[in-house]
Amino acid sequence: MAVSNLRCLVVDDDPLSVQVVLNCINNTPFLTATGSFTNPIEAAEALRTAPVDLLFLDVEMPLLSGIELLGMLQHPPLVVLITSSKDYAVQAFEHAVVDYLVKPVSYARFLQASQKALEMAERRATNTPDAIEVPDADADFTFVKVDNKLVRVGFDEVRYVEALGDYVHIVMGQSKLIVYSTMKAVEEKFPSNRFVRVHRSFIVNFNRIQALEDNSVIVEAKHIPVGQTYLREVMQRLNKF
């Protein structure tokens, strides 16, 4: 299914920068602006109640930075970060954003980022997260689609699952599978009595958790962050033992 239009929200504490991005959106046929915010806290609340397809997000804002806002969103939209500094490129990569634009933003560069977002949205629309299937409710394994072939994965083998952009990495000891899917699909298909969501980017095999330390779970020497949204459930699961 082709995606013809992306609903966009602009968040930047500088009104002039907001207007520049809105002008770019209005000149791009496949983008529609649904609103803008100069207050990141108000923007975070709006995103919870009225989701959008694409977020143009400034990094350097008072009270709440763009990176912090992004980390608060349980189901973030596609994101293009906009900032006056190149120093946030690594953090942008860690959050798997679509693109990273440095101010002043030219329309040519804006259009390039927007086209990348449209292509990503189309891939998501045409590749529904059914690459992960469980044969039946009592199964000890699933099949995942990797490079046009189905690969069997035993649930006990999985250490954790990490989201990276449009893909998930299923880590199993010394091996790793890269699957075109979403964390939502993994969460729905992997049995909840064996796996727990600990972060917007991580699902872990509960039986592989060795310790909880400084808001991280340790799985075979890897420290995996536990997001505030998921901390309560993780603690409740741990307290059962």
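I looked up Thr-28 and found it buried, at a relative accessible area of 2%. The model is predicted, and the entries below refer to that model.

I then placed Thr-28 in the chain: it sits in the loop that runs between helix 1 (15–26) and strand 2 (31–37). Which residues does Thr-28 touch, leaving aside those up to four places away in sequence? I noted Tyr-107, Phe-110 and Leu-111. Helix 5 is listed as 107–126, and I kept that range for the next entry.

Next I went to Pro-104. I found this residue in the loop between strand 5 (99–102) and helix 5 (107–126). The peptide bond that leads from Lys-103 into Pro-104 is cis, and I read its omega as near -5 degrees.

I also checked backbone phi. Leu-63 is not a glycine, yet its phi is positive, about 70 degrees. I located Leu-63 in the loop between strand 3 (54–58) and helix 3 (66–72).

I recorded a positive phi of about 75 degrees for Ala-221, which is not a glycine either. Where does Ala-221 lie? I placed Ala-221 in the loop between strand 15 (216–219) and strand 16 (222–225). I put its relative accessible area at 64%, and Ala-221 therefore counts as exposed.

Key
Residues are numbered from 1 along each chain as its sequence is written. This is a predicted model: local features need pLDDT of at least 70, side-chain atom pairs count only at pLDDT 80 or more; totals for chains, interfaces and linings use all residues. Side-chain values use heavy atoms; hydrogens and water are left out. Helices (H or I, at least four residues) and strands (E, at least two) are DSSP runs, numbered from the N terminus. Buried means under 20% relative accessible area, exposed over 50%, partly exposed in between (1.4 Å probe, protein chains only). Contact means heavy atoms within 4.5 Å.
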